[in-house]
Amino acid sequence: MSTSFYNFDYYIEANEKRDAVIRAEYDKVLGRVSNILIIYSAISVSLVSICKDLFTVPFNFWYCMAVVLFGMPFLVSFVYAIRFLFPIVIPVLMAPKRYYEQLRSELEAAFPNRSHLTDLQKEEINHQIKTAYLLELEVAINNNTILVCRKRDYYHNALKYAIYSIFPFIICLIFHLIH
C-alpha cells in the first residue's frame, strides 16, 4: 500500500489507531493491580502478629532490624500503589459536532459569498478542519502516552518494592514462629 504523507486522512487514521492502542494499554496496566493485591494480602495475614512481637519483652535487635528492613520497602510500595490506583482524567476528544458544524461554520464565515463556495474554498475549509482535528488528536495521544507511562512506572515500582519486602517479611515470620 503506497501512502502519501501529504494525505491527512492517513494521518488521522494512523493516529486514531494509535489512540486506541494507548487506551487499551492503559486498561491493561490497570488490570494488573491484582498482582500487587495478592502480595499485600499475603503480608497482611501476619502483619499484626509481627508488629505485636516487636513490642514484647525481651527486645531482639535482629528482629527489630528485620521489621525495619521489611517496613521500608513495604511503605514505599504502598505509596506507589496508592499513586497507581489514584484516579486520573484521561483526555478525550471534543465531540465531532464541533468540527462538522461549529468549526466549519466559522471557517465558511470567513468567505464573503458563504452560500456559493467554490470547490477550492470547500477543499481549503476541509483541509483546515482536518488539521484542527489532527492537532487535537495528537495532543490527546501525547497526553495519554505520558499517563500510561506514568501509571506503568507506578505499577512496576509498587510491585518491585512489594517483592523486596517479602524477604525481610519471611525473616520476621520465622522469628514470630520461633517465639
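## Cys 172 and the largest nonpolar core

In this predicted model, Cys 172 touches Ile 50, Tyr 63, Ala 66, Val 67 and Phe 70, leaving aside residues up to four places away in sequence. Cys 172 also belongs to the largest nonpolar core, a set of 20 residues. Within that core, the residues that touch the most other members are Ile 36, Tyr 40, Ile 43, Ile 50, Phe 70 and Cys 172. Two or more residues of this core come from each of α2 (33–54), α3 (61–85) and α5.

In soluble globular proteins, nonpolar side chains tend to be buried together.

## Helix α3

Helix α3 comprises 25 residues and spans 36 Å from its first C-alpha to its last, close to the 36 Å expected at 1.5 Å a residue. At the start of α3, a side-chain oxygen of Asn 60 comes within 3.0 Å of the backbone nitrogen of Trp 62.

The buried residues of α3 are Tyr 63, Ala 66, Val 67, Phe 70, Pro 73, Phe 74, Ser 77, Ala 81 and Phe 84. These buried residues pack against α1 (8–30), α2 and α5.

## Salt bridges

The structure contains 5 salt bridges. One of them joins the side chains of Lys 130 and Asp 9, at 2.6 Å from N to O. This pair connects distant parts of the chain, with Lys 130 in helix α5 and Asp 9 in helix α1, 121 residues apart. Asp 9 is partly exposed, at 41% relative accessibility.

Because Glu 13 and Lys 17 are 4 residues apart in α1, about one helical turn separates them. Glu 13 is partly exposed at 43% relative accessibility, whereas Lys 17 is exposed at 53%. A further salt bridge is formed by the side chains of Lys 28 and Glu 25 (3.7 Å, N to O). Lys 28 and Glu 25 are 3 residues apart in α1, so they too are separated by about one helical turn. Salt bridges with shared partners join Glu 25, Lys 28 and Arg 152 into one network.

## Asn 126

Asn 126 is located in helix α5 (residues 119–178). Its relative accessible area is 31%, so Asn 126 counts as partly exposed. The C-alpha atoms of Asn 126 and Arg 104 are separated by 8.0 Å, and the two residues lie 22 residues apart along the chain.

Notes:
Residues numbered from 1 in each chain as written. Predicted model: local features only at pLDDT ≥ 70, side-chain atom pairs only at ≥ 80, totals over all residues. Heavy atoms only, no water. Buried < 20%, exposed > 50% of the residue type's maximum accessible area, 1.4 Å probe, protein only. Core = buried A, V, L, I, M, F, W, Y, C linked by side-chain atoms within 4.5 Å. Contact = heavy atoms within 4.5 Å. Expected span 1.5 Å × (residues − 1). Polar contact = N/O pair within 3.5 Å; in protein donor to acceptor, adjacent residues only side chain to side chain. Salt bridge = Lys/Arg side-chain N within 4 Å of Asp/Glu carboxyl O.
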